[in-house]
Each structure stands twice: as C-alpha cells, then as structure tokens.
Amino acid sequence: MSFEEVVQKAIRGDDQSFLAAIQTVKIDLYKTALAYLRKEEDALEAIQEVTFRAYKGLKGLKEPSYFKTWIIRIMINYCNDTLKKQRRIILNDDLLDAEGEAEDHSLLEIEEAMQRLDERSREIITLKYFHDLKIKDIAKTLDCPEGTVKTWLFKALKSLRENLDEKGGVSHV
Amino acid sequence: MFEKEEKNLSELKKMYENLPFPEDKIDEAILTGFKKAKEMPEVIVKTRRKKWLFSGLIAAVFIIGFLTSIRVSPVFASYVSSIPGMEKLVELISDNKGLMLAVENEYIQEINTAQEKNGLKVTFDSVIADEKGMVIFQTIEAKKKQEKFYVNDLKLESADGTELELGSYSYGAHKPHGELRTKEMATMDFFFEEPLKTKEFTLTFTVETNDYEEDFRFLFTLEKPLKATKTIEMNKTILIEGQKITIKNIKIYPLRVAVHVVMDPENSKKIFTFEDIRLVDENGEAWTKIANGFTASQLNDNEHILYLQSNYFKEPKELYLVMNKLQAVDQEDAYVKVDIENGKIINQPIGDHLVLLDVKNGSIILKLKTEEEFNYSPFSSLRDADGNEIELNSNYWTEDNNGEREIGVEFPSGSYKNPLELKLSAFPAWIEGDIKIKVK
C-alpha cells in the first residue's frame, strides 16, 4: 500500500492507518519541535498535542500526498503559539529571570538568527531547508501560488542574512 | 545568491539529524495525544433549558472539562483501594481536589444499591452531601454494547415532601458519547439555594440508550451528619483596570467554595468570568475554579457567586484570594445585535471575533474565532428590539477546532422586532491585574 493510500484510509477513519502515518513523520515532528522549543519535554508535549490536533483535523486534509507538509505546519503553528505564551509569561514574570533563562542555552549563530525571524519566514525556511519540502508542496498546503512562496522564501533568506550579519557586527564590538 | 545561508542551514539540519531522539517517549506522546483525541466528543455540550433547571433569575455558568491526567495522593489511593468498587471514583473526581479531600476524609457515604430492569442495571454507588449540595455517583450497565447513555428527566425530591430549593443540577459522564460500551459511570450534581432540612430523598430518572429506555427510582437517606458551612465575611473592594469589584464573603462547603462578588454598576466594563480566581494557602497550594461543572451563579448582571474547589478539610494557617484575569467587554458591547432579516451582525465587541454563519427566524448560528483556548458558552439569553425576552429552545457550542467553534441558539420562530439581541455571558476579551487579598 502506498503512503497516500495509508493516509487516505486514515482520513476515512481508520485509526491504525492514522498511527502508521504519524510514525512516518514522528522524527520530523520531534526535530521541528526541538528546534522551536529547545527542551525535550516541551517537544514531547508538542508531539502529543499535534497528534491530537491532527486526528481532530484530519478530515480537513484534502490531498493525502501533502500529509507531511500539513502536519509539520500544525507543529509549527503549535510551536509559535507556545512561544507566544511563554513570552507572555516571561513578560508578566520577573524580567531578570527571563534573561537568566535565555542565557542558559548556547545557540548556534544560525539558530539564533532563525529565532529572530518573523513567524512566516521561519516557517518557510523550516519547511524548505529543514524538511526538504518542495516549493510546490508548500504552496499547495499554504493554499497560495508558487510565486508567492518563492517571494516569501527570498524575503526570509534576506532577513536571515541580515540577522546573521547583525550578529557578526555585534560580536566585533 | 544565498549560498552562505543555505550552507549554514544545511549544517543545522545535519546537526539535528545527528541528535539522539527519545523514540520511546515520542511514541508514548503520540499514543497519549491519540487517546485524548479519541476520547473527546465532537460536540462539547448541548443544554436544553428546562423550566426547573434554573430557578428564579439565577443563571448558572457551566463548563465541561476533560481529564488530562490523573494524579492522586497516596492517602487517597490507599483509602479508595480499601473499598471494593471505589477505584472508579478516582477517574470521576480526579479533577476536583475538594471532592478528593472529601473522600480522603471519609466524608463520602457508600450507598451501593442496584436496580435492574429488562437488562439495564443502575447502581447508586455513593453520595457526598453538604448543607447546600449533593454529588451522586452511579454506574449504568447494559447487557449489550450501547453508543449512547442518556439520563433524562432527572429529579431529586425529598421523601417527606419538603420543598428542596434546587438551584442547579447537572448530569455528567466522563466517557464521551459515541463509543460502544456496556458501562457508563457518571456523577449527578445538585445544588440548593436553601440549606437542606431533610435527610431522606427520592431520585428519579429515565435512562435512554440505543436499545433501552427504563425509569428508575431510588430512595436514599443521608447518614453522615452534614458538615457546617464556614463563612468568612470579607467586604473588600478591589480595582482591576479601573473596574471596582467587592468581595462580599466566602463560604466554604465540603463540596465547593462559594465566593460572592459584586461589581460596581458604574464600571465601564461588564465583567463576565473570573478566569483564574483561586485560594492560596501559606504553602502556595492553590484551590482553583471548578474544572468540570458549575463554575458560577449569576444572581444578576453585577452580582456573581464563583465556585472553587473546596479546601474544607484543610486547615490552612493563612489563606489568600488571588486573581489576575477577568473576561470583560465594554458595557455597550454586552449585547451582540443580529439583524435577522438581512443576516448581519450589527454590533459585537471589538475584534470581530464573531462571524454569522446562518440566520433564520428560529435560529442564529455563529462562528467564534479566538487566538487562545476558549471553552465558554458565550450567550445567556435572547431578546428582541423591544426588549422582550425570547425563550431559548437550545443553546449549544462545539469544541475548539483550530481556534474556531460554532455557537448556536434555537428559539421558537415568531414575529419579533428586528434586530435581535444576544446577551453575552462570556467573551474572549480580558482585563488583567494582580490581586491578592488576605482571607485569613
């Protein structure tokens, strides 16, 4: 049975097929979550929630071959929401605590540059370079023309470069 | 032209590919998420208003919570496991610390009587009662697997004919509808406006399943002396974003804690729900709002009683009432106005959270979009442009689906003066503050 057929069965309500489909993307989901949320326990919670949302939203997946892009987008949306919530908690809490926490992680320059991207740029770059998804697939799941995705990708890479340069500038001081 | 960045990204990707991943934990997370999804019913709740559901003008605010995890204290676990058949209680009340404490303190009364009619068996397991309320635990079993287990025409009466001033009641099962099963465990909650004066009761109801429909009638007597209510007079006024709120008193019952609040009628905002109100003791232990069941009674627009999980069986040295976040909209937006002739929303609170899906003389269906989780039923009543109340046949809302849920009200079609006005009782708009008042 092809992967599309498995997903198709899952959409029709076959639970075993759903779990099988999730199995094929679980590592992609975990790595995406880890890249966004940094902590293993947060990433695991993300997987739990995304499995939940995917199961509930499966009927909305029109084209089985886009399953992977579709579910990774659910993960990215979840991560963005979680980050927003964390930011809000940090703002309400002691700011000093927040700074202390931020310094705990040693981030690669590129990771830091990624974190400072706007949500859409980060999403596009994650989909394209982290998961090697085709522009065509991304366009289909985002429901927009391929040209638009290309424009976003160009802008995203441009801001990524700016973020990297900025970082370089700071470290020279 | 982005060679450098692309190279960086591919190195990052490789780095992540080489990271170890905890496969067992991932699989566990997937299964937990899957189970949660299976257990959550499609539609959260559909309440049909019955004349005797709410007495007088009191509107009850109801929330259905779902179990995410079960955590029990060792004392609780050992007490429960010492009584056969009590393990299932854990599942039913693990989201309510007050009820768990009541069980732990042996304030629960076992009844354990069963009735069987044509293959349908109901067991009245146990009851916890205080001066103003009662929670009944029961199990329904059918010979064949059923998809639905409905309890209809639920009625609690005193055996001697004394009037019970019933304020609100609810029936809740913890297993979702839709799954084939032979057994259903459930709780029935009753809350009274006047203290109970009698000890003997009759409970009648009809169980309706796919294959059965049977009437049941149980006679029972409360044998444990009812614990006296602890009342703490407060009369303290607080200010959140310029809104004045007076905490009149706090009443601590074994089943719940009731916080009586009064909003200043001059406030610029209409306050709906106190989202995170809680009692906190000297050790930082918190008793939060009821997670599943009645969360508040609204005596009128400006006077609410909020229900928290009970700490009756604890004797804290210090106790504080803490709150940070309240649902509120501008007074002039407290009604959503819908033009039912032209199918348009004329007025709603800022943010355009509501979109009209379908409207006709007899029903209004809207979509509510939110960025945050929002599990409240937003409308409490309906009136026409002349201010005449329209009795609702039903009021429903569906579960959150990617930040959107459907809300509908159904009412008898008739000649109403357009536009109709839906009174809000909850809305995804908040005021925030940092309130902590000493209770004792």
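User: How many residue pairs are in polar contact between chain B and chain A?

Analyst: In this predicted model, where local features need pLDDT of at least 70, side-chain atom pairs count only at pLDDT 80 or more, and totals for chains, interfaces and linings use all residues, the count is 12 residue pairs, both residues being at pLDDT 80 or more. A polar contact is a pair of N or O atoms within 3.5 Å; within protein, one must be able to donate a hydrogen and the other to accept it, and residues adjacent in sequence count only if both atoms are side-chain atoms. Residues are numbered from 1 along each chain as its sequence is written, chains are lettered from A in the order in which they are written, and side-chain values use heavy atoms, with hydrogens and water left out.

User: What makes D15(A) and K38(B) a salt bridge?

Analyst: The term requires a side-chain nitrogen of Lys or Arg within 4 Å of a carboxyl oxygen of Asp or Glu; the closest N and O atoms of D15(A) and K38(B) are 2.7 Å apart, so the pair qualifies. Between chain B and chain A the count is 6 salt bridges.

User: Why are strand 6 and strand 10 of chain B said to stand at the edges?

Analyst: The open sheet has the order 6-9-10 in chain B, with antiparallel pairing, and strands (DSSP runs of E, at least two residues, numbered from the N terminus) pair if DSSP finds at least two bridges between them. Strand 6 (149-158) and strand 10 (213-221) each have a single partner strand, so one side of each is left without a neighbour in the sheet.

User: How do you know that strand 9 and strand 10 of chain B pair?

Analyst: Strand 9 (residues 200-209) is joined to strand 10 by 9 bridges, which meets the requirement of at least two; F201(B), for example, has F220(B) as its bridge partner.

Technical notes. Helices (H or I, at least four residues) and strands (E, at least two) are DSSP runs, numbered from the N terminus.
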